[in-house]
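Please look over the chain below. This report goes through some of its contacts, strands and surface features.

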Amino acid sequence: MQFPLLPVVNYKGQLLGVVVMENLPTGTGSIDFGCRELEVTRENERPGNESMEISPHDLFRRTLTLRQAGIITYSPNMLELIDLCSRAAKVTSTVLLCGESGVGKELLAKLIHTSSPRAAARFIEINCGAIPESLMESELFGYAAGAFTGASRHGKCGMFELADGGTLFLDEIGELPLALQVKLLRAIQTQEFVRIGDTKARKVDIRFIAATNRDLEQMVAQGRFREDLFFRLNVISMYVPPLRQRKEDILPLVHHFQAKYSLQFGNVKSFSTEALRRLQGYSWPGNVRELENVVECLMAIGPEGIIEDKHLPKRLLQVNTETCIKVNGVMPLSQAVDILQRMLIGEALATYGDISRAAEALQVDPSTLSRKLARFRKNSKCKRD
Amino acid sequence: MIFAQEVMTTDFPALSAETPVAEVLQWFEKTGLPGLPIVDAKRKLLGVVLKELSLNKTPGDTPVGK
């Protein structure tokens with residue numbers, strides 16, 4: 001059944017408006033509107049990816065809902081991760097979000113909080129890497145009146161008290177000094193803490209979410225992070241993929257930030273096709289944060305009208321031909337070639353968006369590429385069956 | 001890429017599940033929309049009533065949610 005209108009809701013399910021199919025600018029109906037974006041994702045689908053079993057309606061609805069929460073994604077892996085977040089929101093277990101800097105760990109932490117029964121209570125965030133070691137304990141646990149020289153006469157409540165009933169987000173947990181790790185572990189386990197200079201233990205009810213861009217397991221092995229705290233935090237573990245592994249998100253993010261800064265700066269600028277291709281082809285080591293900064297800079301000081309590829313930062317224009325293939329062990333050569341082909345074809349499709357341009361970049365005939373894709377899909381289906 | 005917020009309509013009544021079908025039909029006439037969303041007191045979406053399906057119902061005092 002084709003719906004003549006689709007409701008648009010925010011992340012709480014509250015109605016924002018309706019999209020009437022016949023009013024859409026293309027005149028092709030809004031089911032096509034939903035499918036068109038899906039087609040982009042499907043073309044970008046890496047061969048062998050089994051997580052694309054999602055209907056156009058579901059994808060359309062889910063991505064719109066997430067957009068209201070500030071999360072812009074069409075990536076199947078991210079959508080799976082968001083499903084995991086919504087399941088994690090229903091319980092109080094500690095969550096550990098891992099991933100490179102700038103991938104959106106904080107947004108996911110907020111999503112877990114706002115989707116949880118604690119949504120009405122506070123979401124308190126503390127960046128363990130941004131606060132000096134000497135102040136960290138008082139920031140976390142607070143202090144009693146006159147606890148030390150220069151302390152407030154009335155004492156001060158820390159993040160633990162502020163987050164009581166809500167969620168405490170411990171960002172960059174890998175930077176927490178070893179001495180404090182013991183105290184934090186105890187406080188998480190017992191949901192109890194003592195202000196500095198006080199004797200009275202205070203009971204709290206907090207849901208903990210931690211995030212790091214470090215390899216905590218490696219830090220444990222090196223003796224730089226307590227193993228018991230690691231296991232305490234690592235109850236529900238989530239890995240947020242870097243932007244280079246979800247290239248289908250790059251253009252929607254560019255358009256999102258373009259709209260955001262157009263509104264903020266009061267100007268109207270757009271990107272040429274080649275500029276967009278460059279943006280999509282770049283590896284974005286700084287992830288979404290770097291992408292936002294580049295778009296903000298171009299919207300602020302870029303030329304009026306069309307932003308061409310020549311206006312992009314120089315690092316985006318350098319073609320990275322450096323190849324990095326890591327070999328971990330011996331496997332049949334045919335299997336290794338097959339894996340490499342899948343990776344290269346997936347990368348080319350994600351970068352160029354369609355078969356003919358991907359084939360051109362890979363220097364193969366489009367029919368050869370189509371044939372390989374069909375074979376990969378057939379093999380994936382056989383594996384699933 | 002076009003986003004839904006750019007093409008969505010916000011000019012329509014927020015009907016509740018208790019709105020009589022006869023009233024819903026009047027709203028279809030007034031707005032010209034092919035369907036109308038049904039929300040609760042917190043504006044949470046409950047469903048959508050479609051014009052073509054509502055026309056099959058006898059206009060009366062039957063609430064739209066029944």
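Predicted model: local features only at pLDDT ≥ 70, side-chain atom pairs only at ≥ 80, totals over all residues.

Are the two partners buried or partly exposed? Glu290(A) has a relative accessible area of 12%, so this residue is buried. Arg315(A) reaches 37%, so this one counts as partly exposed. A cut-off explains the labels: buried means under 20% relative accessible area, and exposed means over 50%.

## Other charged pairs

Asp205(A) is partly exposed at 40% relative accessibility. Arg118(A) is buried at 12%.

Why can such pairs form? Side chains of opposite charge can pair when their charged atoms come close. Arg226(A) and Asp228(A) give another example, with 2.7 Å from N to O. Arg226(A) is partly exposed at 29% relative accessibility. Asp228(A) is partly exposed too, at 32%. Salt bridges also link Glu161(A), Arg195(A), Asp198(A) and Arg202(A) into a network.

## A five-stranded sheet

Now turn to the strands. Five of them form an open sheet in the order β4-β7-β10-β3-β11 (chain A), and their pairing is parallel. At the edges are β4 (123-127) and β11 (236-239) of chain A, each of which pairs on one side only. On average, neighbouring strands of this sheet are turned by 15° against each other, direction ignored. Helix α3 (residues 76-89) of chain A packs on the sheet. This helix touches β3, β10 and β11 of chain A, and its direction makes about 155° with that of β11(A).

Which strands pair with β10(A)? One is strand β3 (residues 95-98) of chain A, which pairs with β10(A) in the parallel sense over four bridges. Here Val95(A) stands opposite Ile209(A). The other is strand β7 (residues 167-171) of chain A, joined to β10(A) by four bridges and also running parallel. From the β7 strand, Thr167(A) has Arg207(A) as its bridge partner in β10(A). Leu170(A) has Ala210(A) as its partner in β10(A).

## An enclosed strand

Strand β10 (residues 207-212) of chain A has six residues, and six of the six are buried, so the strand is largely enclosed by the rest of the structure. In a regular strand the side chains alternate between the two faces of the sheet. Look at the two faces of β10(A). On one side are Arg207(A), Ile209(A) and Ala211(A). On the other are Phe208(A), Ala210(A) and Thr212(A). Both faces are covered, and these residues are all buried.

## Two positive phi angles

Most residues other than glycine have a negative phi. Trp284(A) has a positive value, near 45°. This residue lies in the loop between α11 (273-281) and α12 of chain A. Its relative accessibility is 0%, so Trp284(A) counts as buried.

Where is Asn287(A)? Asn287(A) lies in helix α12 of chain A. Its phi is near 60°, again a positive value in a residue other than glycine. Asn287(A) also counts as buried, at 0% relative accessibility.

## A nonpolar patch

Which residues make a nonpolar surface patch of about 280 Å²? They are Met331(A), Ile339(A) and Met343(A). Ile339(A) lies in helix α14 (residues 333-352) of chain A. With a relative accessible area of 37%, Ile339(A) is partly exposed.

Technical notes
Residues numbered from 1 in each chain as written. Chains lettered and ligands numbered in written order. Heavy atoms only, no water. Patch = residues over 30% accessible without salt bridge, like charges linked within 9 Å, V, L, I, M, F, W, Y side chains within 5 Å. Areas by Shrake-Rupley, 256 points an atom, 1.4 Å probe, with all protein chains shown as cover. Salt bridge = Lys/Arg side-chain N within 4 Å of Asp/Glu carboxyl O. Buried < 20%, exposed > 50% of the residue type's maximum accessible area, 1.4 Å probe, protein only. Pairing = 2+ DSSP bridges. Axes fitted to C-alpha atoms, helices over the stretch in contact; angles between N-to-C directions. Contact = heavy atoms within 4.5 Å.
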